[in-house]
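Keep the 3D view open as you read.

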Amino acid sequence: MAETTHDTLIAWLQEAHAFAQHGETMLGGRAEALSSDYPVLSNRLNEHVAETRQHRREIAQLLDDLGADTSTAKDIGGKLSALGHSWGTQLSGETPVQAVAASIAFEHFEIANYRALIAVADIAEAGQVKATLESLVADDVAMSQWLDDTLIDITRRYVGA
Ligand SMILES: [Fe+2]
């Protein structure tokens with residue numbers, strides 16, 4: 001049987017839930033590693049960990065409302081690793097600049113996935129899902145913008161300028 005738009009919506013919400021879970025772990029690891037030397041960056045990362053945790057809960061609620069659970073797609077690890085090793089949790093030897101660059105990449109990955117999901121929700125006429133995702137993606141856009149704005153400062157500091 002062909003996959004329906006509704007099936008796709010559920011599968012992608014489950015993926016988004018897993019990506020959020022991964023994001024919490026990854027950003028939390030980076031926040032901890034950077035806490036003593038880059039406290040402002042660390043605090044903002046921790047703030048986004050809390051936002052991401054809230055996103056995950058809201059996605060779980062959407063899935064529950066749709067009669068589905070949060071069991072994750074099998075290939076989630078593959079999708080993340082296909083995007084590069086920086087998708088892992090804090091890597092030993094990762095510089096603060098690499099941490100910011102990899103975090104920017106992850107936020108853009110989340111934003112693209114949410115936008116695709118919003119389009120599917122629109123096609124599936126799932127108004128509540130669409131409205132919730134539109135509010136979630138705003139936090140990722142803000143985080144991405146903040147990281148973009150801080151990249152040069154962090155880089156200058158890292159090289160002692
Ligand atoms: Fe995010």
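Start with E24, which sits in helix α1. Keep in mind that you're looking at a predicted model. Is E24 buried, exposed or something in between? It counts as partly exposed, because it has 18 C-beta neighbours inside 10 Å, and a residue needs 20 or more to be called buried. Once you set aside the neighbours within four places in sequence, E24 is in contact with V49, T52 and R53.

Now zoom out to the whole chain. Of the 161 residues in the chain, 30% are buried.

Next, look at how α1 packs. Two packed helices are described by the angle between their axes and the distance between the axes. For helix α1 (residues 5–34) and helix α4 (residues 96–123), the axes come within 10 Å and cross at roughly 160 degrees. That makes α1 roughly antiparallel to α4, since an angle over 145 degrees counts that way. The crossing of these two helices, α1 and α4, is left-handed. On the α1 side, the contact is made by residues including T5, L9, W12, L13, A16, F19 and L27, while α4 brings residues including P96, A99, F106, Y114, L117, V120 and A121. Sort the residues of this α1–α4 contact by type and you get 16 nonpolar, five polar and two charged.

In soluble globular proteins, nonpolar side chains tend to be buried together. Here the largest nonpolar core has 18 residues, and those with the most contacts inside it are L9, L13, A16, L117 and A121. Which elements give two or more residues to this core? They are α1, α2 (39–65), α4 and α5 (127–158). The most comes from α1, with seven residues. Click on L9 and, leaving out residues up to four places away in sequence, you'll find that L9 touches V120, A121, A124, A126 and V129. Apart from this core lies another one, of 14 residues, with L27, Y38, A99 and A102 among them.

Stay with α4 and turn to its packing with α5. The axes of α4 and α5 come within 8 Å and cross at roughly 160 degrees, and α4 and α5 are therefore roughly antiparallel to each other. The crossing of α4 and α5 is left-handed. The residues of the α4–α5 contact divide into 19 nonpolar, five polar and eight charged.

One last stop is D122, which also has its place in α4. Because it has 14 other C-beta atoms within 10 Å, D122 is partly exposed. It also leads back to L9: D122 and L9 are 113 residues apart along the chain, and their C-alpha atoms are separated by 10.0 Å.

Terms used:
Residues numbered from 1 in each chain as written. Predicted model: local features only at pLDDT ≥ 70, side-chain atom pairs only at ≥ 80, totals over all residues. Axes fitted to C-alpha atoms, helices over the stretch in contact; angles between N-to-C directions. Helix = DSSP H or I, 4+ residues; strand = E, 2+ residues; numbered from the N terminus. Parallel < 35°, antiparallel > 145°, perpendicular 65-115°, else oblique. Left-handed = near helix turned anticlockwise from the far one by under 90°. Contact = placed C-beta atoms within 7 Å. Nonpolar A, V, L, I, M, F, W, Y, C, P; charged D, E, K, R; others polar. Core = buried A, V, L, I, M, F, W, Y, C linked by C-beta atoms within 7 Å. Buried ≥ 20, exposed ≤ 12 C-beta atoms within 10 Å, placed from the backbone.
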